[in-house]
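Biologist: Before we discuss the terms applied to this model, please show the sequence and the structure.

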Amino acid sequence: MRVAIVGATGAVGHELLKVLESSSLQFDELLLYASPRSAGTQLTFKGQPLTVQVTPEGAIDADVILASAGGSISKALAPRWVEGGAVVIDNSSAFRYDADVPLVVPEVNGDAALAHKGIIANPNCTTAIAVVAVAPIHRAYGVKRMIVSTYQATSGAGAKGMEELLEQTRAELNGEQAQASVFAHPIPFNVIPHIDSFQDNGYTKEEMKVVWETRKIIGDDSLKISCTAVRIPTLRTHSEAITLELERPATPDAVRDLLAGAAGVEVRDNPGGKLYPMPLTASGKYDVEVGRIRESLVFDGGIDLFVAGDQLLKGAALNAVQIAEYLQQKGALKARQRA
């Protein structure tokens, strides 16, 4: 069994290596690929050095490819990887909205991955974190409307985004003028209500991703969703305030008990003890933290909650590896015969 990472030297690529080290995925060889400027880089996996190769234009001799090199590369090369016999789990937005490509969060719709035709899409990080918490509530009570406000870390823009936060913060503290490059405005001591490009309806593409992808993963096109996406000056972990209007009324205690038994969720909900989800505690954690569970003051029988999940883990690398694990557990991921 061969596993390949395309985009191995990026922020998500580094997290993929870490997750694979403790993963239940059984494989014999790991191949690393990246752009020509990263070729020859040495990365460590389970104490052993591995050399990064240039991503080839054609097939890659691997059984599963974890791709995190950007939408343009995936769009151009993933079909060739599939023709070569690999299953591609893609972290970009290249295939998420294709009707014949499953968009998968294993805790929510793992079986959708079994119907793949060579490519499985990993959701946008904001969506993946939200649906882990919202899907169990939807199954139990039915969600009619969902209002989301996000607090997204600079890790959402990759390693360059995190570097810009650190560099600009140093500049600001030294009395220098911070120059924005990755983000639309300087990010230190600021929040920016602008992630991705603005659409004709006034929402950004990041906000619309939450709408489109949540409906596809949960399997309910009637779900009404509104999202405001905001970049904040933290390194990693996205947080989200979510308000839900339910078809069947729920109490906070019932939702708390429900989520306590939900896969991929850690309930942190004791305001009196100052216990609630935060990037400080959720960073580096596999589970999505959920707390501040309370009755909505807007929707009768509705629920408000706050979630925090590591964007580089459940929002990206971890979810991709979990998809591969799910396929293998179901007997749908096997090594090919090689000469």
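Modeller: A salt bridge is a side-chain nitrogen of Lys or Arg within 4 Å of a carboxyl oxygen of Asp or Glu. This is a predicted model, in which local features need pLDDT of at least 70, side-chain atom pairs count only at pLDDT 80 or more, and totals for chains, interfaces and linings use all residues. Residues are numbered from 1 along each chain as its sequence is written, and side-chain values use heavy atoms, with hydrogens and water left out.

Biologist: Why is the pair R236 and D310 called a salt bridge?

Modeller: The N to O distance between the side chains of R236 and D310 is 2.9 Å; the limit is 4 Å, so the pair qualifies. Helices (H or I, at least four residues) and strands (E, at least two) are DSSP runs, numbered from the N terminus.

Biologist: What makes D310 buried or exposed?

Modeller: Buried means under 20% relative accessible area, exposed over 50%, and partly exposed in between (1.4 Å probe, protein chains only). D310 has 0% relative accessibility and therefore counts as buried.

Biologist: How do you know which class D253 and R256 belong to?

Modeller: D253 has 52% relative accessibility, so D253 is exposed; R256, with a relative accessible area of 21%, is partly exposed. These two residues also form a salt bridge, their closest N and O atoms being 2.6 Å apart. Both belong to helix α7 (residues 252–260), where 3 residues of separation amount to about one helical turn.

Biologist: Which residues does R96 touch, beyond those up to four places away in sequence?

Modeller: Contact means heavy atoms within 4.5 Å. The residues that R96 touches include L103, N122, K209 and E213. R96 is found in the loop between β7 (87–90) and α3 (106–109), and its relative accessible area of 4% is why R96 is called buried. UniProt, in an unreviewed entry, places the feature "binding site" at R96; its positions follow the numbering used here, feature names are shortened, and annotations may be inferred rather than shown by experiment.

Biologist: Why is the protein chain described as being as compact as a globular protein of its length?

Modeller: The protein chain has 9 helices and 14 strands. Its radius of gyration is 20 Å, close to the 20 Å that the globule rule gives for 339 residues, so the description holds. The radius is taken over C-alpha atoms, and the rule is 2.2 Å times the number of residues to the power 0.38.
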